[in-house]
Amino acid sequence: MRFSEFGLTTLKEVPAEAEIVSHQLMLRAGLVRRLASGLFTWMPIGLRILRKVETVVREEMDRAGALELLMPAVQPAELWEESGRWDQYGPLLLRMQDRHDRNFCFGPTHEEVITDIARRELRSYKQLPVNFYQVQTKFRDEIRPRFGVMRAREFIMKDAYSFDIDQAGLQASYEKMHAAYSAIFTRLGLKFRVVDADSGEIGGSRSQEFHVLADSGEDAIAYCDADRYASNVETAATFPASAPRPAAAQSLEKIATPGVRTIEDLCRLLDILPSQTIKTLIVDGSDGPVALVLRGDHELNAVKTQKLDGIASPLTMADTATIVKATGSEPGSLGPVGLDMPVYFDHAVARLADFSCGANEVGHHYTGVNFGRDLPEPQTVDIRNVVVGDPTPGGKGTLSITRGIEVGHIFQLGDKYSTAMGATVQDPKGKNQVMSMGCYGIGITRIVGAAIEQNHDENGIIWPGPLAPFDVVLVPINLQRSDVVREAAEALYEELTASGLDVLFDDRDARPGVKFADAELIGIPHRLVISERNLAAGELEYRHRSESESRNLKREEALKLLENSSVS
């Protein structure tokens with residue numbers, strides 16, 4: 001491909017609306033252009049990368065025995081009403097009506113549609129197992145689209161759905177998809193982790209996420225290599241402390257704390273650490289407000305908390321009027337001593353002694369609070385996020401925390417949708433058997449952004465070879481003014497192209513510095529520079545995108561290097 005014919009426009013300045021590196025570089029390198037909030041046009045160079053992702057995904061899905069189909073993007077409301085998700089899914093679901101006032105939605109996912117297909121097409125256990133997949137555009141009406149393609153409203157996804165006769169079959173299909181996903185991300189040259197996760201609005205009994213590791217990742221991942229454990233922080237469990245609680249050494253005392261409304265304020269006033277305090281949060285419950293008590297330096301985990309008995313789901317913080325009516329105080333001075341409502345204590349709180357907390361009186365706190373004297377011995381639960389150093393479930397090590405970008409998610413749905421929608425087949429005894437389902441999604445467009453977040457420097461993108469829009473960029477110096485350079489460049493372009501390499505020939509009448517900057521910005525793995533000086537020596541100037549220095553190679557040596565590189 002000749003640069004002059006490619007219609008590629010790069011940007012020197014960082015666009016003001018771009019918050020993270022991948023968004024900035026995708027705009028600057030001309031991969032995408034914004035149409036509206038959360039909506040992007042994939043330009044020719046960006047589409048080349050997208051198609052490479054799709055190719056790898058399709059090859060591994062086909063290798064795993066999945067069957068590709070294509071379902072409608074617009075779905076009738078009746079199917080979502082059957083599954084119960086028309087009202088449950090919430091504002092992320094883009095609803096619309098046709099000219100006959102019939103309700104439809106633009107599909108964010110396709111569990112209902114594929115279940116409808118299965119109940120119509122599958123009759124016997126002999127047709128199982130089967131796994132259908134598609135690569136298609138989805139739409140989720142994000143309240144605040146951000147980070148470019150990482151959290152867009154419209155995106156391309158590969159979603160697959162397996163059907164089995166029982167749980168054992170589902171487990172086998174699930175493991176097959178786990179292996180296929182691992183192969184996909186390995187082939188794409190990405191560093192990733194597989195973590196246990198919450199099933200969210202999709203539902204089901206088990207799910208795992210595939211995360212591309214990057215410091216900018218939205219998700220926190222708890223892991224321990226010694227215990228072969230990894231989990232999204234949302235679902236990573238904490239446990240009751242095994243060490244005994246220290247003995248009480250202080251007396252209970254109520255003190256005036258005017259203006260103190262946060263843990264930080266309290267610690268500053270009393271010259272103590274957040275770990276010596278507790279905080280009390282009031283949330284909506286099924287029969288009135290409920291108190292949640294955590295150590296002052298810990299964070300509430302909404303996913304775990306909203307699954308507790310008596311807690312409203314989704315988790316909702318009580319408003320100030322409700323809190324004042326229930327406690328006689330305002331947020332900032334709340335505590336469990338004398339609190340007349342259901343209370344959940346986090347595991348870590350039970351090990352504290354001589355701690356400080358709100359006194360349920362505006363501008364007052366307690367110090368020297370102890371269980372067994374000022375509070376009953378607590379029955380504790382897991383309601384916080386794990387932190388570095390927490391023990392692993394297997395007990396063989398402690399947790400570390402890293403950041404990741406979710407690019408794939410696999411679910412064991414079980415009979416959630418097949419029961420609701422009557423998807424059955426005849427079992428070997430001729431009886432109707434509800435099918436067990438699995439669901440497997442990969443964010444095609446998100447992979448592109450995640451790859452950039454993981455692979456870039458101050459000059460631009462550093463594509464892993466399998467994702468690069470071109471294998472080699474050919475940069476002739478003074479092409480328009482040197483017949484020697486022009487002839488050599490044209491001959492090399494033809495030879496490289498004939499060898500099967502995808503070459504971007506920078507034939508623009510532009511300064512070398514501009515060409516070099518664009519090549520680094522775009523992130524093409526291999527760069528060959530042709531100049532009169534190097535040609536006279538029978539050499540080409542070579543540089544890999546991940547290297548900081550160029551080197552001169554004999555022409556044959558450079559071509560052999562490219563041939564042996566497997567475009568890496």
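This is a predicted model: local features need pLDDT of at least 70, side-chain atom pairs count only at pLDDT 80 or more; totals for chains, interfaces and linings use all residues.
Start by selecting Arg245, which is partly exposed, with a relative accessible area of 28%.

**Stop 1**

**Stop 2: Lys254 and Glu361**

Next, select Lys254 and Glu361. They form a salt bridge in which the closest N and O atoms are 2.9 Å apart. Lys254 belongs to strand β13 and Glu361 to the loop between β17 (355-358) and β18, so this pair ties together parts 107 residues apart in sequence. How accessible is each one? Glu361 counts as partly exposed at 31% relative accessibility, and Lys254 counts as partly exposed at 42%.

**Stop 3: the sheet around β13**

You are looking at an open sheet of 3 strands in the order β13-β18-β17, with antiparallel pairing. Which strands are at the edges? They are β13 and β17, each of which pairs on one side only. Neighbouring strands of this sheet are turned by 30° against each other on average, ignoring direction. For a closer look, follow β13 along β18: the two pair in the antiparallel sense over 4 bridges. To find one of these in the viewer, pick Glu253, whose bridge partner in β18 is Thr367.

**Stop 4**

Now move to Arg85 and Glu111. Their salt bridge has its closest N and O atoms 3.0 Å apart. Arg85 is in helix α5 (residues 85-88) and Glu111 in helix α6 (residues 111-121), so select both helices to see how the pair links distant parts of the chain, 26 residues apart. Are these two residues buried or exposed? Both Arg85 and Glu111 are buried.

**Stop 4**

Across the model, the count comes to 39 salt bridges.

**Stop 5: helix α2**

Select residues 21-28, which make up helix α2. The helix is mostly covered, with 6 of its 8 residues buried. Which ones are they? Ser22, His23, Leu25, Met26, Leu27 and Arg28. To see what they pack against, bring up β1 (32-36), β2 (39-42), α12 (444-454), β24 (456-457), β25 (460-461) and α14 (512-522). Before leaving, click on Gly30, which follows α2 and has a positive phi near 80°.

**Stop 6: the cavity**

Keep α14 displayed for the last stop. The model has 1 cavity of 30 Å³ or more, and about 70 Å³ of space lies in the largest cavity. To outline its lining, select Val473, Ala519, Glu520, Ile524, Arg527, Arg543, His544 and Arg545. Which elements give two or more residues to this lining? They are α14 and β29 (539-544).

Terms used
Residues are numbered from 1 along each chain as its sequence is written. Side-chain values use heavy atoms; hydrogens and water are left out. A salt bridge is a side-chain nitrogen of Lys or Arg within 4 Å of a carboxyl oxygen of Asp or Glu. Buried means under 20% relative accessible area, exposed over 50%, partly exposed in between (1.4 Å probe, protein chains only). Contact means heavy atoms within 4.5 Å. Two strands pair if DSSP finds at least two bridges between them. Axes are lines fitted to C-alpha atoms, for helices over the stretch in contact, and angles run from 0 to 180 degrees between N-to-C directions. On a 1 Å grid over the protein atoms alone, a cavity is a set of points where a 1.4 Å probe fits but cannot get out, and a pocket is an open set with protein on both sides within 12 Å along at least five of seven lines; lining residues have an atom within 4 Å of a point. Grid points are joined across faces, edges and corners, and a volume is the space filled by probe spheres set on the points.
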